2 protein chains.
Amino acid sequence: MVVGGDAGGMTAASQARRLRGPDDLEIVAFERGHFTSYSSCGIPYFVGDVVDDLDELIARSPQEFREKHAIDARTRHEVEEIDLDKRAVKVRDLEGGGDRWESFDHLMIGTGALPARPPIPGIDARNVFGVQTLDDGVEIKRMLAADSPRRAVVVGAGYIGLEMAEALVLKGLDVCVVEAAPQPMTTLDPDMGALVADAMRALGIKVLVDEPVEGFETSDGAVTAVATKNESLPADLVVLGLGARPNTGLAEAAGLEIGDATKAVVVDQRMQTSAPGVWAAGDVTEKFHRVSRRKVAIPLGTHANKEGRAAGINIGGGYETFPGVVGTAVTKVCDLEVARTGLKESEAADAGFEIVTATIDSTTRAGYFPGAAEIKTKFIAEKHSGRLLGAQILGREGAAKRIDVCATALWCEMSVDEMLNVDLSYAPPFSPLWDPVLVAARKAWQAVESERT
Amino acid sequence: MVVGGDAGGMTAASQARRLRGPDDLEIVAFERGHFTSYSSCGIPYFVGDVVDDLDELIARSPQEFREKHAIDARTRHEVEEIDLDKRAVKVRDLEGGGDRWESFDHLMIGTGALPARPPIPGIDARNVFGVQTLDDGVEIKRMLAADSPRRAVVVGAGYIGLEMAEALVLKGLDVCVVEAAPQPMTTLDPDMGALVADAMRALGIKVLVDEPVEGFETSDGAVTAVATKNESLPADLVVLGLGARPNTGLAEAAGLEIGDATKAVVVDQRMQTSAPGVWAAGDVTEKFHRVSRRKVAIPLGTHANKEGRAAGINIGGGYETFPGVVGTAVTKVCDLEVARTGLKESEAADAGFEIVTATIDSTTRAGYFPGAAEIKTKFIAEKHSGRLLGAQILGREGAAKRIDVCATALWCEMSVDEMLNVDLSYAPPFSPLWDPVLVAARKAWQAVESERT
């Protein structure tokens, strides 16, 4: 039985079905919303009309799960309680009404994350939107069409905040992004984040940093302005991009162990929670960070899929572990690609590492080749060993995916002097003779060596 | 003292200069041609007018070497003999005339490669061109302008052959590519190579495979047609893309050790030849292939630069080793990107591996995202361990550089089951939820597992 019809839960369901036939294992999945297995990462592109059709964001519909995978996917069914002793869940039919108990042998928890909604007065006004479920995307788009808002304020300048800001610019709105931190993209170091702010401003977005939101001015149940310490920003529409926290309510009430630091469900290597036969995957669970060696909560669909795969194999009677993450993420702001992996400077220090850094400017293709674009690459390395600890890349087309080499190097605990000779592909349309990743590795190694002498 | 003014030699010279000042180490470099430190990889783009200015292909001119790096770079000077006992080289001044002996403490050999010119009757005709030095590129371009050739035959369908074929199509010529092997791009497996042939034909290039060239029909010292077993192909211009062999003449005559299998100069980990104080780097040297664990000769500028760096550090009194290659290469045929790394099927078998393969089709971005393009990824893995042995990628924009993740994985001897969970970057504009590399790893792992049961 699966609670939550998105990436973590449904990947597990599909994987378990691959190992065990319909006569051998009955699979029921409950989803509170209208949709299953959708790309919530695609919501900003749906809102911005980059992707027109909502159906394109849906990998598999409930019908497909039923017909092709023999998985009884029930949308608009909310699980209200998990009883571990009875091994049953209490389910409310949100359309038909009424509660009933359904029993399980294995339970898969994929309840995802909830967008952070700090208790700021006015936050529950009707034109304040989170960006978590496909239903949220539908609501925002409906509001854009119905009310023709002119001014939007996006609260929070993380991935979702930035992507939504760009989407709303595409829809012709005046957009202001308000961020409490001194820079957008706090997953980057401040020097790199400042360049993201420049790119946002070049797009016509007003960017306010160091400005925590203190309240919402409302009228008739709708926000009319967003108040910070210094400003009152008129708003017809507010989007919350304050990140998401693991949606652990059900798991916690059932008595499952929750991580102190992460506030996410604790799982073992095989994605089993503290209760036997109860599994979890996706944004609701904590993950092992292979560089900091700490547990983290990073809501990201790609983790949810991998974790769901592992959980599903185990539920199906196989054996699989999930080896953790290195904190890779990528986005774009207009044509500026932004990527990061591993630890940023402050995270590395926090994990106890002494570090050196190296930042280099290069081009995405041979400098003389048409379309060669700027790319800035920053490496963070362990000061004494030269081990790569993190990387950040900003640049135009072809820049961001280079972070995957760094992610793979982090995975294998490579040092920057090992990295600088790696046989990366070279041809003028694809790279300078020394790929920017190699140049950054070389410069980081010089920094390590100069610390030694 | 440096013999050869391109990547291997001049990178070594620059690196040695970084470690030792002009008063401490005198550096003289001799180059037979007119240019130093140029991108021979850029020649097809220069011929095709993708890059207009020859100077753009030159990283550093002799003047720059002299003025900024205190390196006495002498072009149009050909080294004719190396005397290891006298520790001197005999140099001919190709412009001023006359020979003289110049002595050295350290000698750096960077004589590069020579385009293969099989002893086919007529191959020395004046309209038959190799593509190795910038001078070759200048000659071809001059001939295109002066003689307005209409029909070109490219002999050999490797990287240079394909790039030159496209360049000549861009210049408006009718182009035929003749290849002795059953497919173009013999660095790929036949199934992938066949798709490259399709892309070439779509570009209007006539592609003949299984057709060794048997002769050139000439008139007045110029080729008029290229003869194969079955055809006579009219030609106003012939380009040889038959690969290149290490230019070891000087080294061999001096008694330096040459590899039996590679016919390239043998070097140790630090790029020192069999004679103390005599170093070599670039196309003239053999390299250690980290997957096959054999010595190979792979002419590629990116290797030359890395080897030159290592040699230069050692010449300068430092310590550096060159750890080898994994056989990564990339090119494009029109908008089809082609990349490979590691061993192809036959190479893996030849090295003694038992293998499984997996080929998957995916998209470069989330399937619903505008610009999502096809990408085909093939993995070759060791049958029993699942260790990755090689990868090949064909696809449209954004496809090829993904090979770098595979190259890094090969470098670290990862198995495909380790790879399938690596934390690669995901966002809809950059990748499907599971990056194609991860999907290929997953499928290859399934192949390994199914062999076990």
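The structure is a predicted model, in which local features need pLDDT of at least 70 and side-chain atom pairs count only at pLDDT 80 or more, whereas totals for chains, interfaces and linings use all residues. Residues are numbered from 1 along each chain as its sequence is written, chains are lettered from A and ligands numbered from 1 in the order in which they are written, and side-chain values use heavy atoms, with hydrogens and water left out.

Chain A comes first. Its secondary structure amounts to 12 helices and 25 strands, where helices (H or I, at least four residues) and strands (E, at least two) are DSSP runs numbered from the N terminus. The radius of gyration of chain A is 23 Å, close to the 22 Å that the globule rule gives for 453 residues, so the chain is as compact as a globular protein of that length. Here the radius is taken over C-alpha atoms, and the globule rule is 2.2 Å times the number of residues to the power 0.38. The C-alpha trace of chain A spans about 70 × 55 × 40 Å along its principal axes. Of the 453 residues in chain A, 60% are buried; buried means under 20% relative accessible area, exposed means over 50%, and partly exposed is in between (1.4 Å probe, protein chains only). Contacts in chain A between residues at least 6 apart in sequence join, in 62% of cases, residues at least 24 apart, a contact being heavy atoms within 4.5 Å.

The two chains can be compared directly.

Rings of Phe, Tyr and Trp (its six-membered ring) pair if their centres lie within 6.5 Å, and planes under 30 degrees apart count as stacked, over 60 as edge-to-face and the rest as tilted. By this rule there are two aromatic pairs over all chains. One is the edge-to-face pair of A:Tyr45 and B:Phe369, with 4.9 Å centre to centre and 85 degrees between the planes. A:Tyr45 lies in helix α2 (residues 43–47) of chain A and B:Phe369 in the loop between β23 (355–363) and β24 (374–382) of chain B, so this pair joins two chains. A:Tyr45 and B:Phe369 are buried. The rings of A:Phe369 and B:Tyr45 have centres 4.9 Å apart and planes at 85 degrees, so that pair is edge-to-face. A:Phe369 and B:Tyr45 are both buried.

Charges over rings were examined too, the criterion being NZ of Lys or CZ of Arg within 6 Å of the ring centre and within 35 degrees of the ring normal. In chain B, the charged end of B:Lys141 sits over the ring of B:Phe46, 4.0 Å from its centre. B:Arg442 lies over the face of B:Trp434, at 4.5 Å from the ring centre.

Helix α3 of chain A (residues 62–69) has A:Pro62, A:Phe65 and A:His69 as its buried residues. These cover an arc of only 90 degrees around the axis, which puts them on the same side of α3(A); the arc is that of the directions from the helix axis to the C-beta atoms. The buried residues of α3(A) pack against α1 (7–19) and β3 (71–75) of chain A. A:Glu67 and A:Lys68 are exposed on the other side of the helix. A:Ala70, with a positive phi near 55 degrees, follows α3(A).

Positive phi values also occur elsewhere. A:Asp210, in the loop between β12 (206–208) and β13 (213–219) of chain A, has phi near 60 degrees and is partly exposed, with a relative accessible area of 46%. B:Ser37 has phi near 40 degrees and counts as buried at 12% relative accessibility.
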